[in-house]
Amino acid sequence: QVQLVESGGGLVQAGGSLRLSCTASGRTFSSYTMGWFRQAPGKEREFVAALSRSFGTTRYADSVKGRFTISRDIAKNTGYLQMDSLKPEDTAIYYCAAKTSLSTTPGDYPYWGQGTQVTVSS
C-alpha cells in the first residue's frame, strides 16, 4: 500500500519550465515503478513517463522526449517530473502513479495521486 501526493503544477508561458513532485507514504517508493500520466478535458488519460524500481530504466511518450525528465530521490521517498520547453498542448492534469513493474498503461497502475494542474499559455 502506498499513498501519493502530487505538487508543483501551475501556470507557465510557452517555452517555460515546471518541476512536478510526487511524495509517497505508507511504503517506500523504491519498491515501486513510478509513472506520470496526464489527462486533458475530453480526452483519455495518457502516458507521459515511467521509471522502473531498479536500475533506472525509463520510458517516455514520443510527445515529451527530449523535453521531460523523470527521476526519483529514494532518500526523500519522492519522484519528480522535470518539464522543460513546455507547449500549450502540454496543458492537462498530471498524475503520478505506482506499480510493481514497468508499464505505460494507466490501467496497470493500482496506486494514484490526486493530480496537479499544469496550464501552458500561448
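Is the link of Cys22 and Cys96 right-handed or left-handed? It is right-handed, with 65 degrees about the S-S bond. The model discussed here is predicted.

## The disulfide

The link between Cys22 and Cys96 has an S to S distance of 2.1 Å. The structure holds 1 disulfide. Cys22 belongs to strand 3 (residues 18-25) and Cys96 to strand 9 (residues 92-99), so the bond ties together parts that are 74 residues apart in sequence. A disulfide is a covalent bond between the sulfur atoms of two cysteines.

Cys22 has 0% relative accessibility and counts as buried because the cut-off is under 20%. Cys96 is likewise buried, with a relative accessible area of 0%.

## The open sheet 1-3-8-7

Strand 3, which carries Cys22, is also part of an open sheet of 4 strands. The order in this sheet is 1-3-8-7, and the pairing is antiparallel. Strand 1 (3-7) and strand 7 (68-73) stand at the edges; each has a single partner strand, so one side of each is left without a neighbour in the sheet. On average, and with direction ignored, neighbouring strands of this sheet are turned by 15 degrees against each other.

## Strand 5 and its partners

Strand 5 (residues 46-51) is mostly covered, with 5 of its 6 residues buried. Strand 5 pairs with strand 4 and with strand 6.

Strand 4 (residues 33-39) and strand 5 run antiparallel and are joined by 5 bridges. Within this pairing, Arg38 stands opposite Glu46 of strand 5. The two strands form a hairpin, with 6 residues between them. In the turn of this hairpin, Gly42 has a positive phi of about 75 degrees.

The pairing of strand 5 with strand 6 (residues 58-60) is also antiparallel and comprises 3 bridges. Here Leu51 stands opposite Thr58, a residue of strand 6. In general, strands of a sheet pair through backbone hydrogen bonds, either parallel or antiparallel.

Conventions:
Residues are numbered from 1 along each chain as its sequence is written. This is a predicted model: local features need pLDDT of at least 70, side-chain atom pairs count only at pLDDT 80 or more; totals for chains, interfaces and linings use all residues. Side-chain values use heavy atoms; hydrogens and water are left out. Buried means under 20% relative accessible area, exposed over 50%, partly exposed in between (1.4 Å probe, protein chains only). Two strands pair if DSSP finds at least two bridges between them. A disulfide is a pair of cysteine sulfur atoms within 2.5 Å. Axes are lines fitted to C-alpha atoms, for helices over the stretch in contact, and angles run from 0 to 180 degrees between N-to-C directions.
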